[in-house]
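Reader: Hi! Could you show me the model you've been looking at? I'd like to go through a few spots together.

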Amino acid sequence: MTVQVLGQKIRYLRRREGLSQEEFAARAGVSHRKLSDIECGNGNPTFDTMDCIAAAFGLQIEELLQPDIEVDLLPRRELSRLQPMVDRLPEAWQELFVRGTEGALAMWLETVRGRE
């Protein structure tokens, strides 16, 4: 698992719980800046940091590091078609679009899993 994929997974899990970065950083006992860096794939988190983040989700570190399909719900080729449209939106609308899309995808995933 790359640091970028790990960051995506942490962001997904945090948002699924409805927590802001500030709220989750406080729960995990890490700085907001460190959490932000990790979610963006820019950090190089220590084992202790990852253990704290896993525990804040109620997971063992092994579970957090386990790759799964929840991280990348859309193939990159599909996302690349959306990027030019999103880039033309005002910045505040871009954030709104991303949050709405993530929420819709999370709901879809829960629905699909409920049918299995």
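Author: Happy to! One term before we start: contact here means heavy atoms within 4.5 Å. Also keep in mind that this is a predicted model.

Reader: Got it. So which residues is G7 in contact with, leaving aside its neighbours within four places in sequence?

Author: With those neighbours set aside, G7 is in contact with I38 and E39.

Reader: And where does G7 sit?

Author: G7 is in helix α1.

Reader: Is G7 buried or exposed?

Author: G7 has a relative accessible area of 0%, and the cut-off for buried is under 20%, so G7 counts as buried.

Reader: Nice. How far apart are G7 and C40, in sequence and in space?

Author: In sequence, 33 residues separate G7 and C40. In space, their C-alpha atoms are 5.9 Å apart.

Reader: Let's move to a lysine. Where is K9 found?

Author: K9 is also part of helix α1, which covers residues 3-16.

Reader: Is K9 buried or exposed?

Author: K9 is buried, at 4% relative accessible area.

Reader: Then what does the side chain of K9 reach?

Author: The K9 side chain reaches the backbone oxygen of L64, at 3.1 Å.

Reader: Changing topic: how many aromatic pairs does a search of the whole structure find?

Author: The search turns up one aromatic pair. F24 and F57 form it, and their rings are stacked, with 4.3 Å centre to centre and 25 degrees between the planes.

Reader: Which parts does the pair tie together?

Author: F24 lies in helix α2 (residues 21-28), while F57 is in the loop between α4 (47-56) and α5 (61-65), so the pair ties together parts that are 33 residues apart in sequence.

Reader: How about cover: are F24 and F57 buried or exposed?

Author: F24 is buried, with a relative accessible area of 0%. F57 counts as buried too, at 11% relative accessibility.

Reader: Where does M85 lie, and what does M85 count as in accessibility?

Author: M85 lies in helix α6. Its relative accessibility is 44%, between the 20% and 50% cut-offs, so M85 counts as partly exposed.

Reader: Great, thanks for the tour!

Notes. Residues are numbered from 1 along each chain as its sequence is written. This is a predicted model: local features need pLDDT of at least 70, side-chain atom pairs count only at pLDDT 80 or more; totals for chains, interfaces and linings use all residues. Side-chain values use heavy atoms; hydrogens and water are left out. Helices (H or I, at least four residues) and strands (E, at least two) are DSSP runs, numbered from the N terminus. Buried means under 20% relative accessible area, exposed over 50%, partly exposed in between (1.4 Å probe, protein chains only). A polar contact is a pair of N or O atoms within 3.5 Å; within protein, one must be able to donate a hydrogen and the other to accept it, and residues adjacent in sequence count only if both atoms are side-chain atoms. Rings of Phe, Tyr and Trp (its six-membered ring) pair if their centres lie within 6.5 Å; planes under 30 degrees apart count as stacked, over 60 as edge-to-face and the rest as tilted.
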